[in-house]
Amino acid sequence: MAGSLDQNPPNADRHITSGGSDWLWAVFAVMALSDLAMIFWTFSRPRGTRLFHQIAVIVLTTATIAYFSMASDLGATPVRAEFSRGNTGTRQIWFVRYIQWFITLPLLLLELLLATGLSLSDIFTTMFMGWVFVVCGLVGALVVSTYKWGYFVLGCMALFYIWYVLLGHGPRSTFAAGGVVRSGYVRSSAYLSFLLLLYPIAWGCSEGGNVISPTGEMIWYGILDLLAGPVFLFLFLWGLRSVEYGAFGLASGKYTDGYGNGAGAGYGNAGAGAGYGGAGPNMAARGPGATGATTGTAAPGNGVGATGAGVGPTTAV
């Protein structure tokens with residue numbers, strides 16, 4: 001591993017050093033170990049209660065691959081710096097880092113916002129602004145003229161929207177899981193919002209202004225990614241460990257993903273029935289007439305049904 005720069009020679013005048021590569025290998029190791037620990041934690045939980053943990057697995061797996069690439073001195077392209085430092089004309093721009101962020105930042109936002117009572121449209125729009133934030137950073141880093149700062153401003157505007165949702169709109173929503181989740185969300189959103197503030201500052205000092213060296217850039221971003229990745233995810237999920245997962249309304253209706261004793265759900269056009277028993281799915285059948293029935297193999301069971309236009313009562317047996 002120590003010969004990464006020998007096997008993959010730098011392609012720019014201003015590039016990472018062997019010490020920078022060693023630092024990236026260390027971050028890669030932390031990401032990989034955290035990913036393995038998260039995977040083990042995920043499979044130790046009952047089926048149907050793994051969504052938050054599985055999102056964390058995706059984030060950590062993506063970061064692990066990205067840091068393996070950067071530690072190997074791969075995933076960068078030379079770009080002529082707007083502000084030359086010494087005799088250096090080009091600087092390494094790590095596009096693989098932006099691929100990582102394009103995947104992980106929206107998922108981190110999703111991880112947080114799923115705990116709130118925000119609508120799916122609000123959550124998706126916030127995730128989209130995360131994509132805008134990352135793409136503007138990448139395009140700005142690749143632009144060699146002063147127009148790069150236009151992308152910087154556009155990215156910051158997207159960041160302001162993210163802050164509004166995390167710190168303003170989110171805390172005012174209804175938390176179905178109760179006050180414990182609300183207080184945990186407030187702490188976590190403030191923590192992540194502060195970290196997001198530091199990313200544009202790092203960008204302005206590295207890809208933007210070419211003030212610090214690529215090795216210094218790697219140290220700065222590496223610390224931020226560790227804090228926004230493993231540290232944030234483990235702390236956030238630890239705070240949810242005793243929360244009843246069903247309160248989030250995120251449990252799958254499939255019998256294979258049920259939790260507890262098992263659950264199945266059947267839906268008519270205007271009525272719904274649910275049966276809970278030992279095992280087996282509920283199956284909804286619609287007749288050509290005007291009757292819908294929900295039956296299941298589990299017993300005993302309970303059913304709640306509503307009658308709508310052209311639909312009979314829904315029952316569970």
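A quick note on where it comes from. This is a predicted model, where local features need pLDDT of at least 70, side-chain atom pairs count only at pLDDT 80 or more, and totals for chains, interfaces and linings use all residues. Residues are numbered from 1 along each chain as its sequence is written, and side-chain values use heavy atoms, with hydrogens and water left out.

Let's begin inside. A nonpolar core here is a set of buried Ala, Val, Leu, Ile, Met, Phe, Trp, Tyr and Cys residues joined through side-chain atoms within 4.5 Å. Buried means under 20% relative accessible area, exposed over 50%, and partly exposed in between, using a 1.4 Å probe and protein chains only. The largest such core has 69 residues, and among those with the most contacts inside it are Met 38, Leu 233 and Phe 236. Helix 3, residues 51-71, gives the largest share of this core, 11 residues. Helices are DSSP runs of H or I with at least four residues, strands are runs of E with at least two, and both are numbered from the N terminus.

Which residues does Met 38 touch, leaving aside neighbours within four places in sequence? They are His 53, Ala 56, Val 57, Leu 60, Leu 233, Phe 234 and Leu 237.

Now to helix 7, where you'll find Ser 189. Ser 189 is buried, at 2% relative accessibility. Not counting residues up to four places away in sequence, Ser 189 touches Leu 112, Leu 166 and Leu 167.

Helix 7 also matters for our next stop, the largest pocket, as seven residues of the lining come from this helix, the largest share. A pocket is an open set of points on a 1 Å grid over the protein atoms alone, where a 1.4 Å probe fits, with protein on both sides within 12 Å along at least five of seven lines; lining residues have an atom within 4 Å of a point. This pocket is lined by 14 residues, with Gly 184, Arg 187, Ser 188, Leu 235 and Phe 236 nearest its centre.

Most residues other than glycine have a negative phi. Asp 73, though, has a phi near 65°, and Asn 210 has one of about 55°. Asp 73 sits in the loop between helix 3 and strand 1, while Asn 210 lies in the loop between helix 7 and helix 8. Are they buried or exposed? Asp 73 is buried at 7% relative accessible area, and Asn 210 is buried at 3%.

Notes
Contact means heavy atoms within 4.5 Å.
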